[in-house]
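Have a look at the structure first, then try each task before reading its solution.

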Amino acid sequence: MNSSARSRLSADRIAGGIFVVLAVFAPLIFTEYWVATLLTQMLFLGVVAASLIFLSAYGGMVSLAQVSLYGVAGFALGNLTTNGNTKGLNLGWAEAPAIVVALLIAVLVAFVFGALASRSYGIYFLMITLVFSVIANLFFGQVTSVSGFGGISGIPIPDFLSRTAHPDRLYFVTLAVALLVYALLRYVARTPFGLTLQGIRDDPVRMSSLGYNVTLHRMLAFAFAGFIAAVGGILFVWWNAQIAPSTIGLNATIDVLVIAVIGGLYRLEGAWLGALVFVLINNYAQDVDLVSERFHTLIGIVFLVIVLVSPNGLIGLWERITAGPRRELPMDITQERGSAEPTPAG
Amino acid sequence: MTGFAAYGSLRHVGRAVLLALVVFPVIWVLFIASGTSFGPAIDDPKDFLITLLNGLTAAALYFVVASGFTLIFGLMRVVNMAHGAFFLLGGYVALRTQRNMVGGDAGLGLSSAQVSLAQWVVPALAGVAVVAGVGLIMQQLFLRWNQGQDLRQALITIAIAIILADQMLAHYGGVAQDISWPGTFDKFVNLHVEGIQYTMTRLVILGFGLVIGALLWFWLQKTRSGMVIRAGVDDRDMVSAMGINIQLTFAIAFVIGSALAGFGGVIGGSFASLAPGVDANWLLNSLVVVIIGGMGSLGGAAIGSLLLGLTTNFAAAYLPANYTYYSIIFTFVLLAIVLAIRPLGLFGRPA
């Protein structure tokens, strides 16, 4: 390891440490609105974006289906825990089994999506997952027995997280989950499975001829990332107490993509960095007359500028500032494999 | 490999499931169809034929829009995520032009009796021209210097789609509006089959689909510029090395592809309505059609449109009455079947 790489590593650690300390002491520093609304939102949006970045950074798969999986978990939890007075099945389950089943359903859906998409690469993968996302949105919009256009409201939150009694607790739980997700994703990337996945990202044909089942690995990675997205969906439902098809519409799908791209598509830290920027822009745009109505125009322009100027997002800028060795642009990776079908049969 | 035999038998099971998924709906529609509003096709051929015609006309519109998408992708490997926004923009421009041409108070929309043929054709041309221009600007300004970076180009078009959609919401409002067909089209035609009276507008759409398909085929197969495009699809560098101005070819393909989205928007806005969210639906339709048919293949776009049009219409008509809301699942099943058999689509081939 050369000295510039080492200096970047320590700069990363210092920045990451400051970030975590600030996050832990946030309730002492910031107002309740900031903590309970903005920072909590930042953390769970970061979890969803992290599931996208995990797939893109370690698997070379840019998935637009993450928001739909987050929605599947959210809708499942909503259907299971509500008890009358809203749309959906109103099954009135206890919280704990409902969470487990909601996560299971989301992972199952992710597995099916992954099975269908994992033989496609690059831009095809992006398109297929986008289609899944839109279909999931239309499904919840049209099928009135599980949601319908207006969605599910009044979804209960576990008592110990009640916002009125304990305004900070949901924030701390979300923070803990976000840190766990980060650690888990870093860990998985270092397991033999994660290393194989990175090998597949770089050269699926070679990995296949070495005897690895390329499609199976990509499928499992997709299901695992679906699980992470689903965890984000549970947190979202607790935070918002309702979920509607518009929550997982094309705009939401693009919002999470924007977060991941603003942060940087190839490092997990980018997820929360991008989410922070997104939430801040969202918050401050509300106060500016001209912009508040046209929030998505602003987001679109920010997104466009980032893609044009720094395709590696803010993390890419950060790495340039901390003078690490130049990394290859992830944008170029998909190009080579873009439309090929490198997996031999069997 | 130890699990090879098990894997082989699994394949047979998979194929059997796929076959069942294809065969059962056909049998259902023809002979069973219990609890549906129409009943099986053998008892009620009239409604079956109407559903078939509805499917074909929907397919024609899908084809008009998706052929533009596939043309752009085939040549330039650009996935134009703004295609749905282009569709909506074409529709809105035509709508405004038509309202201005007809004049008077159009608060509740125009009726077809007020609209002459020219008052539909001129707005249509305006919509097509504006979208073709926007497409050209987008390609020259943002995509041209990113050639070959297909993810980056897709992200750029997504950003433009976000901006366009939000600006259209600002300028045209969130209320659903529709372009009025001219009185000439807006009537029923007796088909002299089972006594079916069928709307002429749908037949006009079918005609548009067929004519555009034929023109595209003629252009790509029989003319010099079409030949250059086909050569460019196969080997861009070689075409350029032979002294052909590939950038001009790219620009032409992008203009035509965008224009088709715009024209689709005019037809779609006349046939159904224009509202925020319609862009997402049409991006979905175009994506599904080209994923089924195979990216970049015109024939694939035709087959994909046909499959999608028939699937959506038959699912909506032949599901038991309480379950018609589930018809969206059939779009997914159609996609799943095709992807399971051919990950690159029916007519897709590796680049």
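Two residues are in contact if their C-beta atoms, placed from the backbone, lie within 7 Å. This is a predicted model, in which local features need pLDDT of at least 70 and side-chain atom pairs count only at pLDDT 80 or more, while totals for chains, interfaces and linings use all residues. Residues are numbered from 1 along each chain as its sequence is written, and chains are lettered from A in the order in which they are written.

**Exercise 1.** Find what Ala154(B) touches, leaving out residues up to four places away in sequence.

*Solution.* Start by locating Ala154(B) in helix α5 of chain B (helices are DSSP runs of H or I, at least four residues, numbered from the N terminus). Next, list its contacts: Val79(B) and Met81(B), along with Ile123(A) and Leu126(A).

**Exercise 2.** Why does Ala154(B) count as buried?

*Solution.* Take the cut-offs: 20 or more other C-beta atoms within 10 Å means buried, 12 or fewer exposed, and in between partly exposed. Ala154(B) is buried because 26 other C-beta atoms lie within 10 Å.

**Exercise 3.** Describe the side of chain B that touches chain A.

*Solution.* First, the count: 37 residues of chain B are in contact with 40 residues of chain A. Second, the helices: α5 (150-172), α10 (278-293) and α12 (327-341) of chain B each supply at least two residues. Third, the main contributor: α5(B) gives the most, with 14 residues.

**Exercise 4.** What covers the buried residues of α13(A)?

*Solution.* Begin with those residues, among them Phe303(A) and Ile306(A). Their cover includes α10 (250-263), α11 (269-285) and α14 (313-321) of chain A, together with α5 of chain B.
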